[in-house]
Amino acid sequence: MNRIPSVSMRRNGAAGEEEAPPDPAALARWARAFCIIRFDLERGQLVEACFPQGALDAAGLDRLVAFSSFPDSMSHHLPRHRSSVHDSLFSFRVPDPSPSASLAGSRRSFLYGFVFNRQRQDERLPRGGEQKSVVILSHAPYSSLFRLLLQILGPLCFDIGPSALSMVASHVAAWPAPATGRPMELPIGSAALRVHLPPAADDPGPPPALLPANPSVPYGLFHDADLFAAFRGLLLHLWTLWELMVIGEPVLVVAPSPPQCSEAVAGLVSLVAPLSYSVDFRPYFTIHDPDFARLNALAEGEVFPPMVLGVTNLFFLKSLKSIPNVVSVGSPNPNSTRVLPVGGQSPGSGNGINGSPGRLKLDKLSINRFSPTGLLNSIKLRREGPLSLMTEHKEALWSTYAPTTKPDTSVLNRLIDAGVSPRIEESMSVVNNEILRRHFLELTTNFLAPFGPYLRTTTPSEGSSPFVDPPLLSPFQVDEFINGLSARGAGKFLSKRMRSNWLDLYRRFLEGPNFVPWFRQRRIAAEQEQQRLWRQARMNVDIEKLISKLSELERIDSFNAIEQYLLREMENSRTGAVESITVSQKLKRDLRAAFNVLPKDMQQLLLSNPKRVVLLRGSNEVPGFDDNVSQTSL
């Protein structure tokens, strides 16, 4: 996290020639603003520079971004050296107060902030130090992209000043439109950022019965989050945390620093991919957030709303006491976002020899053997509760939730301990993340698989006519689903990993905030896919072969159906859709073929409609009501 490269930017054009300002609309496709926030000893957090100017003018947005761009005072753990510089990256998510966001619909809009924070200690400076943050503000959660961009923009701002903001913005505005769910190569100066953007918010992901073939491709948000490093001391609890995220339970994530808490929240959100996570989450939440007053005012016994909050200020442990699930992650060590090895080992007690990597031992995870000391510590930790973090930070999970899923020891056995080498640790973390992501992707996909029959598409059977409306998808009833699932069982994959009360997890999921948005998206996607398949079948059908097998009445019905589909496609072709134009041409030929095999008296009857005459003549226009076309036999 601290090894951030500095990349010099090259301006285009001759020396002294002013560059054209970036296109605001093109820039807005990627980012709302690029900012430099300064911590003033007298006035607090101040916006020193912002590009475009006025981008933070919405009510209170400038203060909200400024307060979210620095560590809380209680999370400062800088080393006490005579002179030192500490760089860190973290992210936040705040409500969008702009008028355009409030008019967007009933769903609340959010902005994502990606922060490069530099804290510098120097005894020669007032109060012994200073700090600034460089912030990219965007409507899009493209963490893999903006973290890379910040590693260029952050050091550049400290090298050449605020002019770096407009310089980088010009490059960003020149990028093509975001291609969600696909890899992109985006030029920035003499470098190129190679990223794979996450799927769009309205993309339901792969079908629930289909396991994605490539787990390195993002099937949800924050696929780049360092899941292993964030939860290395809590690996046994990952399955409980996965359940809490699936059913949409509120979770408070406590960490010593913004990078650690924002990474942990991003990791939790990514844990349930390809399920779209519909619960409000804040990677770094402060008391200046407009929602804090509402949450702080919750009466005792009042249910805490579904939210995942990442915090560093221990004041939240007292003010948000009603939140039922609290997880503490990370280490107070400021020089790394990595945490101590599993089971409280010191960095020098890894499983490797002379710093070489080795397997994580399950006995260190306290999964295979009983320890009286461990039991006493566990009881003490539970009795003291999260408030014990006020005196000493420790990695732990406090929750009243009884999990259904058991930790998968075969997955834990494959994880690698890096030993003492930071270089090896970084590469091994990549391997461990791949193992964990593959498992939880498979776990979520198998959990969602029973919903597959309600999302299954159909195509016309061999020899049947595609000129009919496709059948409706199977209706979904909760009781029918639960009863059928109970009769069939959990399936081979889940039955090995879940306890006997596994149906309770499905009931909670159906009642939680994630199910309806995900299922609605999946149904819409399935209906669109079915329409596409039937449309393709109409393109592929041999109309002469089809109508040769039909009775006279069926031929008349087919003519009327083809006519209706043709009118629909011609209406769509008015928007310039090339595909609709191609389909219309095919349907016109089919309409003539169907017309030619009808009895003469039926043909004359059909030609009494002038609009139909225009269709049969092959006009590219949708006939209007005032068409004056002579009834001429074709």
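Phe 559 and Phe 595 are both buried, and by buried I mean under 20% relative accessible area, with over 50% called exposed and anything in between partly exposed, using a 1.4 Å probe and the protein chains only. Their ring centres sit 6.1 Å apart with the planes at 45 degrees, so this pair counts as tilted. The rule takes rings of Phe, Tyr and Trp (for Trp, the six-membered ring) with centres within 6.5 Å; planes under 30 degrees apart are stacked, over 60 edge-to-face, the rest tilted. Phe 559 belongs to helix H19 (residues 552-573) and Phe 595 to helix H20 (residues 578-596), so to speak two distant parts of the chain, 36 residues apart.

Before I go on: this is a predicted model, where local features need pLDDT of at least 70 and side-chain atom pairs count only at pLDDT 80 or more, while totals for chains, interfaces and linings use all residues. Numbering starts from 1 along each chain as its sequence is written, and side-chain values use heavy atoms, with hydrogens and water left out.

Back to the rings. The count comes to 37 aromatic pairs. One of them is Phe 90 with Tyr 284, an edge-to-face pair at 5.4 Å centre to centre and 80 degrees between the planes. Phe 90 is in strand E3 (residues 83-95) and Tyr 284 is in the loop between E9 and helix H9 (292-296), so this pair ties together parts 194 residues apart in sequence. Both Phe 90 and Tyr 284 are buried. There's also an aromatic cluster whose members include Trp 242, Phe 447, Tyr 454, Trp 502 and Phe 519.

Now the overall numbers. The protein has 22 helices and 14 strands; these are DSSP runs numbered from the N terminus, helices being H or I with at least four residues and strands E with at least two. Of the 634 residues, 50% are buried. Among contacts with a separation of 6 or more, 73% are between residues 24 or more positions apart, where contact means heavy atoms within 4.5 Å.

Next, the sheet. Five strands make an open sheet, ordered E9-E10-E8-E11-E13, with mixed pairing; two strands pair if DSSP finds at least two bridges between them. Strand E9 (280-282) and strand E13 (396-399) are at the edges with a single partner strand each, so one side of each has no neighbour in the sheet. On average, neighbouring strands here are turned by 10 degrees against each other, direction ignored. Strand E8 (residues 251-254) pairs with strand E11 (residues 325-328) in the parallel sense, over three bridges, and Leu 252 is opposite Val 326 in E11.

Two helices lie across these strands. Helix H8 (residues 258-270) lies across E8, E9 and E10, at about 155 degrees to E10. For those angles, axes are lines fitted to C-alpha atoms, for helices over the stretch in contact, and the values run from 0 to 180 degrees between N-to-C directions.

What does Tyr 401 touch? Leaving out residues up to four places away in sequence, the list is Thr 240, Glu 243, Leu 244, Ile 247, Asn 325, Leu 505 and Arg 508. Tyr 401 is in the loop between E13 and helix H12 (409-414), buried at a relative accessible area of 12%. Its side chain makes a polar contact with the side chain of Glu 243 at 2.4 Å. A polar contact is a pair of N or O atoms within 3.5 Å; within protein, one must be able to donate a hydrogen and the other to accept it, and residues adjacent in sequence count only if both atoms are side-chain atoms.

Last stop, E6. E6 runs antiparallel to strand E7 (residues 191-196), joined by six bridges, and Pro 187 is opposite Ala 192 in E7. The two strands form a hairpin with two residues between them, and Gly 189 in the turn has a positive phi of about 65 degrees.
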